[in-house]
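Please examine the sequence and the model below. The briefing that follows treats a helix and then a sheet.

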Amino acid sequence: MIALPLRYGGLGIQNPVCVADREFEASKCITEELMGMIYRQEVDLTKLNMGSIKANKDILKISKERNFKTEFERIKDLLPSKSKKRALEQASMRGVSAWLSALPLKSLGYSLNKQDFRNSVCLRYDWNIPGIHRYCACGNKNSLDHSLTCKKGGYVFLRHNALVDTEAELLREAKCKNVQTEPPLLPTAPELHPNGTNTADGARLDIVATGLFGRCERTFMDVRVTHPNAPSNISLPLDKLLIRNEKEKKLKYNSRVINTEKSTFVPLVFT
């Protein structure tokens, strides 16, 4: 699993013993025409058929991608539990592995120490984190799953607020104007909106920014963190789980933001 590329949920750490023969044959295939010219002592490189070389590269790339996909499915079938299979599916989603390929810039907080990196890899693959207490402060038996959902100690709220602050900071870096967190919504009447809309006085969303989609257009955003391995979610495909959470957020706030605030609404769903 570790040898798979990042886009298939691995870490891209391949074993040279396993891939040496395949890479050697690929190199021979790509450079076959060039080797022939060297063997014949030809010096006119304009005779080299670059189109043929590109075609060979494309064929090998397709074959390599097919092998990765087959290996991914084989490994997923061998995993012992639904939660570990789900973890591998999450790790292979687009953009999820960006933290592994980003430059470790300390100024941006991308530089992880040994323990942070180890724990992050354990979270990525649903592995047990070494050194955690057997029992949680709430009295229940501790586990990776429980530590992500236990509401004692405020970790759930800290995680949510950290995402809100990060998104707000990214909007400021993108030169959006008037970026605020927890902006209050204007009062509204329930009869103006469909059933399920949050019309309570004093309701707030997580972020508002001006200029994201249009120069003077305001955009409201609300963050939701969902747990894919929860018993109610484990059997639902990841893409459908994310879409369901987006629809729930839109049902609560879309009408109010569009019709009362005269703005746009974007739900931000994380796992």
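Helices (H or I, at least four residues) and strands (E, at least two) are DSSP runs, numbered from the N terminus. This is a predicted model, in which local features need pLDDT of at least 70, side-chain atom pairs count only at pLDDT 80 or more, and totals for chains, interfaces and linings use all residues. Residues are numbered from 1 along each chain as its sequence is written, and side-chain values use heavy atoms, with hydrogens and water left out.

**Helix 1**
- Helix 1 bends by about 60 degrees at Thr31; the bend is the angle between axes fitted to the seven residues ending there and the seven starting there.
- Val19, Ala26, Gly36 and Met37 of helix 1 are buried (under 20% relative accessible area, with a 1.4 Å probe and protein chains only).
- The buried residues of helix 1 pack against helix 2 (50–78), contact meaning heavy atoms within 4.5 Å.

- An open sheet is formed by 4 strands in the order 1-2-3-4, with mixed pairing; two strands pair if DSSP finds at least two bridges between them.
- Strand 1 (177–181) and strand 4 (264–270) are the edge strands, each pairing on one side only.
- Strand 2 (residues 207–210) pairs with strand 3 (residues 218–225) in the antiparallel sense over 4 bridges.
- Phe220 in strand 3 is the bridge partner of Val208.

Key:
Buried < 20%, exposed > 50% of the residue type's maximum accessible area, 1.4 Å probe, protein only.
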